[in-house]
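Open the model in a viewer and keep the selection tool at hand. The stops below go from a loop to a sheet and then to the helices beside that sheet.

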Amino acid sequence: MHIVDRRLNPGGKSLVNRQRFLRRARAYVQQAVRDSLKDRSIKDLDKEGQISIQRDVIHEPTLHRAAQGGSRERVFPGNHDYMEGDRIKRPDGGAGAGSKAGQGEGNDDFQFALSREEFLDLFLDDLELPDLAKRRLIGGAVDGIRRAGYSTAGNPSNLSVPRTMQKAMSRRLALRRPKGADLARIEEEIALIEARTPPLPDDATRLEALREERSTIIRRRNLIAYIDPVDLRYRRFETVPKPVAQAVMFCLMDVSGSMTEHMKDLAKRFFALLHLFLTRCYEHVEVVFIHHTDRAAEVDEQTFFYSTVTGGTLVSSALDKLIEMVQERFRPDDWNIYVAQASDGDTMQSDNGRVVSLMQQDILPFSQYFAYLEVGREEFADIEAMGTATGLWQAYAPVSEANRNFVMRKVHHRREIYPVFRELFQRKGVAERSS
């Protein structure tokens, strides 16, 4: 099949150039979304927000006359200084008189609001997500259905026969609709009088009264229906949020001098995806940030990702802080506990024994899932792929082999974040267990 499109381009526009412009603008918007992640809270990642891009980059190219060169004839109506045929001296510079510095309008950034779906779509596109996964992450909350009484209108399949008959009986009693037994009694008495031979003197008067009463009963029974449309009642249903359990997400990160901004950005993207995943499984998700060097502390998100702290690396300090907070605020009987740790793997060898002991004896028994993400420099990806392992990676390797709820992966580039994330949670079946 061949399709020939003979539709005219809009006036003064080139359809091909316009499509190229839209593609270029989308790239700038994606870049703006990627940059805004640095200032956006991971708890607010699935909410709408504003994006700013420079006005010049979305300027649509158009054809216009050049300011220099060529011969032009112009008419200036109401002009008292020049006559037709006079030559006007060209201004210095040949481009016309422009506004001086500090005068005229500037080019401000172009700001527009993105909806939750639009922002997440661009954010997940940046992570090279397949469409199926995007729908799973972006979709709205799941609602349940429950009975919500009765209504006078609805689907015939939802008709409640007992409630309809109850309403019909109440209406018949209120309107005093004659019963079928009353009509049968009068019919029987009329038949008895008509069959009597010889008739009694007052049978004719009695028979006439009975026939009149029978007529009244039949008329009232016809006027007052046995079941009226006003008696119909339908079962009504309404959507309600499904009750779900609550979860807490612990974010642990090494903030020593060896952790670069690139590594922290990789960690933030992984934490953001984990938070999106948990909000799809739980209605209430608490996020706790713990950073550490040789000492650990609970901090807010801004301090967690952007503070500069000096000191060595002691992973056991963060694990001790995690255990302390679980005992004080997040009892395992009431909370589903998820832990995500990000580090470059540099740690003190003398601390690894205690780290493994805390992990196996204290943390993994109350954790639904523990994910360790080792972030590295992008330029060192090929070297590490040859088999070089950090001290923390070597310490965690036996723990990962012995426990299904402990996993560990390495990431060097942001495009690797979601494939690693998907591998972690699909391979272990966390989605099924968390429900």
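Helices here are DSSP runs of H or I with at least four residues, and strands are runs of E with at least two, numbered from the N terminus. The model is a predicted one.

**Stop 1: a loop residue.** Select α4 (161-174) and α5 (180-194), then the loop between them, where R176 lies. R176 is not a glycine, yet its phi is positive, at about 55°. Is R176 buried or exposed? Its relative accessibility is 72%, so R176 counts as exposed, the cut-off for that class being over 50%.

**Stop 2: the sheet.** Select β5 to β10. These 6 strands form an open sheet with mixed pairing, in the order β7-β6-β5-β8-β9-β10. At the edges are β7 (296-299) and β10 (406-411), each of which pairs on one side only. From one strand to the next, the twist averages 20°.

Stop 3: Select β9 (residues 369-375) together with β10. The two run parallel and are joined by 6 bridges. Show F370 and look across to β10, where its bridge partner is F406.

Technical notes. Residues numbered from 1 in each chain as written. Predicted model: local features only at pLDDT ≥ 70, side-chain atom pairs only at ≥ 80, totals over all residues. Heavy atoms only, no water. Buried < 20%, exposed > 50% of the residue type's maximum accessible area, 1.4 Å probe, protein only. Pairing = 2+ DSSP bridges. Axes fitted to C-alpha atoms, helices over the stretch in contact; angles between N-to-C directions.
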